[in-house]
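Here is a short briefing for a first look. Start with the view below, then read on by topic.

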Amino acid sequence: MRAMTQVAVPHIETSGKPAFPGGTFLAIVKRDCPTCVLVMPVLREIERHIEHLGGTLQVHVQDDVTLAAGFSHAYDDIVLATSYRYNIDTVPTLIRLKDGREDARVVGWLRSEWQSLTGIAALGEGLPAYRPGCGSKTLDPGMPARLKVKYGNSGLASRRIEVPPLSDPVETCYERGWSDGLPVVPPTEERVLEMLDGTARSPNEVIGLIPPNLVPCTVEKVAINAVMAGCRPEHMPVVLTAIEAALMPAFGLHGVLATTNACTPVIMVNGPIARAIGMNAKGNVFGQGNRANAAIGRTLQLVVRNVGGGRPGEIDRSVFGSPAKYSFCFAEDEDDPRWESYAVSLGYSPRASTVTIFPGDGITQTIDHISRKPEDLCRSYAGCIRAIYHTGHIIGVQAFLAIAQEHATVFYDAGWSKARVKEELLELLKIPVREVVPGRSGLSGLTVEEKADADNLIPKFKNGTFNIIRAGGSAGKYSAIISSIGGRGSIEPVTKEIK
Amino acid sequence: MPENILLDPTAETAAAIVPRLARPQSIAGKTIGLFDIAKMRGDEFLDRLDELLTARGYVVKRYRKKHFTHLAPIELKQRIKSECDLVIEGLAD
């Protein structure tokens, strides 16, 4: 992140040459800065002195040029062109020019340095010896990116698209096909530059090939889509890691996109970054209303749509789709230390921040207001989980079970770990061969030995993963199943640390 | 903040400028709308086109908006689009 200097201690940079009287000086000030107001009489002293010797002093004012009324060379720099050109970060700044080029500068007010720079021995004798300056308006929020676009070269490689005269940029984004159906934030150069402040990675770095068209995706393209999705720059580390995770072969992003099923990438964030960027792990965790959750998940979807070319009705052949295909992103609730987080269970440090990508159709809620024993609650879960896709469906199915606070308390009170609950559920989710349905999930997935006896028990998640996480609000005896197609070797959950 | 220049979020494989809809190769069998924007003498021009097209056996449908200074209502534009294959609009007097 770019540092925002508000107050700076004066310093001097010189070429080592002796101070000289006369010459050309340039001062950058603003009325909103008490130190600038303080030094105005000093600037008048400098002007008198150097004009007498044939030199000039230019006074450039960033906010209100009347501050420099009466000076021979007063300039309104409200557009900050001069301030940008001289890379001003603090006001007042006094620059000494030699042959039209900067020779030395002082920032803030330090009498001895101003005296040294100007060669005027008794300069500013009536003032305090030292006063720090204020932040230059070139560093106001959003201004660095705006000025870089206006006066510099943003260095961004993407094609520029002109919004037709009198058109609304949001409508242009729709017309270009860049939207998922909801309005997007128009990706201007300023906004994209600000988004790129959220990562130290180079805009032209390719982070991977986005399916279905396997298009190289640069950090810059991610930033553009992150702007459109509504991200803040501080979301970028999560966004970039989420995309990289989604591109890991084990996840099978192409398959998740192209399938006729409803599934879509689900992003789960673990570790300190979730709290740092304000992600929601509690009430309405899978719902609307949290910017980080909504925008990070939406960015991945927009990258697949815009960079990869994955669009509904084309490569995306989902029969129903899901509201989750707008965005499905959340943080695991790690507040209660009695259960380790998903990431910790994989071996990551609790201090590490990670992104896990897994496929999900949406959620199915399980309700059990009655059970007070962990065994009873597990039996309730098992009935619901067994019904995923079909009670006899065992192949190519997987799930995450999100347990909310009140249900978790049943297990906490009984001293059951996450692993114990998982073990119990997997035992309950064994299905007799006679109940396994033939067909897509069917008996063809069973070995000869398994099929030999109709009473043989086959795991519901025969080749798919099953995991338990903590999330959701504190009131209500609910849990939620996030189901999906997939299985080991095709579409699997993947986890990647945010570096 | 200037919002008239946007950065392309796509793979940039599609043309930056979307081409106009191609003109039909032939108007044979097409239903032709004649759209009078209510500007002076536009009706004379469109009446004559109507005569010529009808005499040649084309199906012609006529439309008119209330005043040329007002935008055509959405309903009217939707009706023209749903009823015609192509439309001729009398723009100037």
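Is helix α6 (residues 189-196) of chain A mostly covered or mostly open? Helix α6 of chain A is mostly covered, with 8 of its 8 residues buried. This is a predicted model: local features need pLDDT of at least 70, side-chain atom pairs count only at pLDDT 80 or more, and totals for chains, interfaces and linings use all residues. Residues are numbered from 1 along each chain as its sequence is written, while chains are lettered from A and ligands numbered from 1 in the order in which they are written.

**Helix α6 of chain A**
- Buried means that 20 or more other C-beta atoms, placed from the backbone, lie within 10 Å of a residue's own.
- The buried residues include A:Arg191, A:Val192 and A:Leu193.
- Their cover includes α4 (143-151), α7 (219-229) and α8 (236-246) of chain A. It also includes β1 (5-7) of chain B.
- Helices (H or I, at least four residues) and strands (E, at least two) are DSSP runs, numbered from the N terminus.

**Domains of chain A**
- The domain assignment, automatic or from a database, gives domain 1 (12-149) and domain 2 (172-497).
- Their centres, taken over C-alpha atoms, are 56 Å apart.
- In contact (C-beta atoms, placed from the backbone, within 7 Å) are 5 residues of domain 1 and 4 residues of domain 2.

**Sheet of chain B**
- Three strands form an open, parallel sheet in the order β3-β2-β4.
- β3 (59-64) and β4 (86-90) of chain B stand at the edges with a single partner strand each, so one side of each has no neighbour in the sheet.
- Strands β2 (31-36) and β4 of chain B pair over 5 bridges; pairing takes at least two DSSP bridges.
- B:Asp36 has B:Gly90 as its bridge partner in β4 of chain B.

Methods
Buried ≥ 20, exposed ≤ 12 C-beta atoms within 10 Å, placed from the backbone. Contact = placed C-beta atoms within 7 Å.
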